[in-house]
Structure formats: C-alpha cells, structure tokens
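User: Hi! Could you walk me through this one? I have the model open and would like a quick tour.

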Amino acid sequence: MYRIFLLSLLVLLTTTTMAQTKKYAVTKTEAEWRKQLTPEQFQVTRKKGTERAFTGIYWDNHDKGIYKCICCGQELFASSTKFDSGTGWPSFFTTIPGAFTTLRDTKFGMVRTEHRCARCGGHHGHVFDDGPPPTGLRYCNNGVAIKFVPA
Ligand SMILES: [Zn+2]
C-alpha cells in the first residue's frame, strides 16, 4: 500500500515537473509578458485566469477568418470550426492541427483538460466532451487570449 502511495506520488511529481519544464519555441520572462500584454491578457494566458462569460470580444463573432494566439501569433482555430455553445465563451469543435498541447488540470477539485498554445505555453481554456459532431469536443477558449484575423 505504502509502495503504491510512493509510486503515485512519484508519477504526480514527474508529470508536474514535466509540465513546468516543457520547452516552448517562444519563451519570455514574466516581466516581458507583462509588457507585451494587457493586464487581463496576462492574467488569463500566463496565470491561467478565466474571463467572465459574455464579456470577451469573440463569443458572438461569426465572421470568416483565423483566430491566433494573443501572445505569439500561432494560428489556433479556423472560424469554420466555431459554434454557438451558449456559454458566453468562444467555442470550437476542433483546432488547427498542432496548435495546442493539453494538460490535466485538477484545480478547484475538478478534473479538466486544459489546452495551452503549443508555441508559447499560453493558457487558453479547457476542452470538454460535450461538443457537436464531428469531434464531440468543445474547446472553450478565453476571448482575451485570441486575436481574430478576418479572411
Ligand atoms: Zn501562443
């Protein structure tokens, strides 16, 4: 029993460390990010914050284009994969391939899947399995973490 405990502790420590030391193509210091981003953008993308529902700029945007990472400009979502989730956050049923890495997030006593920009590690939101076909996934994204570029 004790051995199992130690083992799970080790796994936990290892995965935590891996998440923290993961190398991203774009890395900046906290001061550099603060300089580049607005306080809200910084709070969400670098501190894993969440904007209040229906307050972001894109949840009701239906224009054609591409959504990019506010931190590093990586292309994340195509407007054709956006759908009305009714949640008040921009929601997509899939991403541009390779745009994100996903991590297990156990904050607030919930087990959720967090998605982070694969290029800069910026926090964008969480992935849920109640999305529409064809994927059944819902990428719930903070509007403040993305920048829309019209097609
Ligand atoms: Zn990024």
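Analyst: Happy to. A helix here is a DSSP run of H or I at least four residues long, and helices are numbered from the N terminus. Keep in mind that this is a predicted model. Just after α3, K48 takes a positive phi of about 60°.

User: Which residues of helix α3 are buried?

Analyst: Helix α3 covers residues 39-47, and its buried residues are Q41, F42, V44 and T45.

User: And what do the buried residues of α3 pack against?

Analyst: They pack against α2 (30-36) and β7 (123-128).

User: Zooming out, how many helices and strands are there in the protein?

Analyst: The protein has 3 helices and 9 strands.

User: What is the strand order in the open sheet of 3 strands?

Analyst: The order is β2-β1-β9, and the pairing is antiparallel. At the edges sit β2 (75-78) and β9 (146-150), each pairing on one side only. From one strand to the next, the twist averages 30°.

User: How many bridges join β1 to β9?

Analyst: Strand β1 (residues 65-69) is joined to β9 by 5 bridges. For a pair to look at, K68 has K147 in β9 as its bridge partner.

User: Last one: what share of the residues count as buried?

Analyst: Of the 151 residues, 30% count as buried. As for contacts with a separation of 6 or more, 55% are between residues 24 or more positions apart.

Definitions and conventions
Residues are numbered from 1 along each chain as its sequence is written. This is a predicted model: local features need pLDDT of at least 70, side-chain atom pairs count only at pLDDT 80 or more; totals for chains, interfaces and linings use all residues. A residue is buried if 20 or more other C-beta atoms lie within 10 Å of its own, exposed if 12 or fewer, and partly exposed in between; C-beta atoms are placed from the backbone. Helices (H or I, at least four residues) and strands (E, at least two) are DSSP runs, numbered from the N terminus. Two residues are in contact if their C-beta atoms, placed from the backbone, lie within 7 Å. Two strands pair if DSSP finds at least two bridges between them. Axes are lines fitted to C-alpha atoms, for helices over the stretch in contact, and angles run from 0 to 180 degrees between N-to-C directions.
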